[in-house]
Amino acid sequence: MPNKFPPQIKIPAIYMRGGTSKGVFFNLIDLPEAAQVPGEARDKLLLRVVGSPDPYGKHTDGMGGATSSTSKTVILSKSTKADHDVDYLFGQVSIDKPFVDWSGNCGNLTAAVGSFAISSGLVDSSRIPDNGVAVVRIWQANIEKTIVAHVPITNGEVQETGDFELDGVTFPAAEVKVEFMDPADGEGSMFPTGNLVDDLEVPGIGTLKATMINAGIPTIFLNANEVNYNGTELQEAINNDGKALLMFELIRAHGAVKMGLIKDIEEAANRQHTPKVAFVAPPADYVSSSGKQIKASNIDLNVRALSMGKLHHAMMGTAAVAIATAATIPGTLVNLAAGGGDRQGVIFGHPSGTLKVGAETQKQGNDWLAKKVIMSRSARVLMEGWVKVPGDCF
């Protein structure tokens, strides 16, 4: 009797950590033909690879890790953009819904893009030194921005091991410096409402002071004390509180409307990746999730951010871009939490430790412009080979 179920197919893939995230990386030309173009087939394939939607919230039957930091996919190709090496497309896969969000970038996985591109032959060999640092020019296709990754090279190959330590990552690795060029929204103001601080009215919660910025990723910054937090919280304080999660999602939805990202709050359910919501507070002592003592004297402010409806275990790379940008603009809530005044960067506390970020911003007329944001991350190949999925899943 013939088997009515099709066999599995295998697709070349690399499982990589970038920053404090990890995901499944593909070369565009290795995907099945139907998934080489945007659309339902591609989304269905990536959902099955990750193991979504999973009503159990575990990703037992896929490559995902059932958190916003580990339910990620990346598609890379040789760049079609002049003066760029690689095109980078990021898909944030929902854990419990049949949905892939293409509305933003993953700043953490950006650190792994250069390494993958070099190892996969997407970067011209003339641009790769025998020893030193390869400068990889990345076109971030989701947000149409340039990112430059500085990838260490030893004997003509990517150097992954090293002594650079990143809070939120267990083991040290080689440092990868990443420059996010002109990270603000190119089609409108960096501050969509035209204000550094707005009164955000949220029915059932009240009126909150908010800095709403589009740099790196659209982000809504709140004062921690206005939402009854102190800025030193770890994940369990919020992620185990269903009422708190609903509050933040309602704030996110109303902020998205005010930023012009959606027309009504119902649309927020289909735009889970953006905007982000975060809260800031002046520096204070706390103990990180690893047990590390963080002293107020060693940081400029504390920041906690939510991603895909949950408090992030460290800090999203793109949110760090928003933090860096806002911190250097006097009068934003981020800047004020750090003590106010002119700044070129900050060290901020997050649940896993601290992160130093820098930015170049300037005022032009009534608008603020961001030239670039700089931060250091690391990246490492965890596994390479093929990922298998049922042949009829897409």
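The domain assignment of the chain gives domain 1 (8-183 + 379-390) and domain 2 (198-351). Those bounds come from an automatic or database domain assignment. Before going further, a caution: this is a predicted model, local features need pLDDT of at least 70, side-chain atom pairs count only at pLDDT 80 or more, and totals for chains, interfaces and linings use all residues. Residues are numbered from 1 along each chain as its sequence is written, and side-chain values use heavy atoms, with hydrogens and water left out.

Start with the interface. The C-alpha centres of domain 1 and domain 2 lie 25 Å apart. Domain 1 puts 21 residues into the contact, and domain 2 puts in 22 residues. Contact here means heavy atoms within 4.5 Å. Between them the two domains bury about 1,500 Å², with 54% of that on carbon and sulfur atoms. Buried area is the accessible area (1.4 Å probe) that two parts lose on being put together, summed over both.

What about polar links across the interface? The rule finds 11 residue pairs in polar contact, both residues at pLDDT 80 or more. A polar contact is a pair of N or O atoms within 3.5 Å; within protein, one must be able to donate a hydrogen and the other to accept it, and residues adjacent in sequence count only if both atoms are side-chain atoms. On the side of domain 1 that touches domain 2, strand 4 (86-93) and helix 2 (107-119) are the elements that give two or more residues. Strand 4 gives the most there, with 3 residues. Helices (H or I, at least four residues) and strands (E, at least two) are DSSP runs, numbered from the N terminus.

**Salt bridges**

How many salt bridges does the rule find across the interface of domain 1 and domain 2? It finds 1. The cut-off: a side-chain nitrogen of Lys or Arg within 4 Å of a carboxyl oxygen of Asp or Glu.

The structure as a whole holds 11 salt bridges. Take arginine 127 and aspartate 85, with their closest N and O atoms 3.2 Å apart. Arginine 127 sits in the loop between helix 2 and strand 6 (132-140), and aspartate 85 in the loop between strand 3 (72-78) and strand 4, so the pair ties together parts 42 residues apart in sequence. Arginine 127 is partly exposed, at 29% relative accessibility. Aspartate 85 is buried, at 5%. For the cut-offs, buried is under 20% relative accessible area, exposed is over 50%, and partly exposed is in between (1.4 Å probe, protein chains only). Asp85 and Arg127 also belong to a salt-bridge network with Arg137.

Next, lysine 292 and aspartate 167. Their side chains meet in a salt bridge at 3.3 Å, N to O. Lysine 292 is partly exposed, at 38%, while aspartate 167 counts as buried, at 19%.

One more pair: lysine 209 with aspartate 199, closest N and O atoms 2.9 Å apart. Lysine 209 is in strand 11 and aspartate 199 in strand 10 (residues 198-202), 10 residues apart. Both are partly exposed: lysine 209 at 37%, aspartate 199 at 39%.

**The core**

Now the inside. The largest nonpolar core has 69 residues, and Phe221 and Phe348 have the most contacts inside it. Helix 5 (residues 317-327) gives the most to this core, with 8 residues. Why does the core lie between the domains? Domain 1 and domain 2 both give residues to it, so it lies between them. A nonpolar core is a set of buried Ala, Val, Leu, Ile, Met, Phe, Trp, Tyr and Cys residues joined through side-chain atoms within 4.5 Å.

Zoom in on phenylalanine 221. Leaving out residues up to four places away in sequence, its contacts include Ile213, Val280, Ala322, Ile323 and Leu333. Lys209 and Thr211 are also among the residues that Phe221 touches. Apart from this core lies another, of 22 residues, among them Val202, Leu245, Ile251 and Leu306.

Finish on threonine 211. Threonine 211 is found in strand 11 (residues 206-215). Buried or exposed? Threonine 211 is buried, with a relative accessible area of 0%. A polar atom of its side chain lies 2.7 Å from the backbone oxygen of leucine 196. Again leaving out residues up to four places away, threonine 211 touches Phe191, Val197, Thr219 and Thr332, among others.
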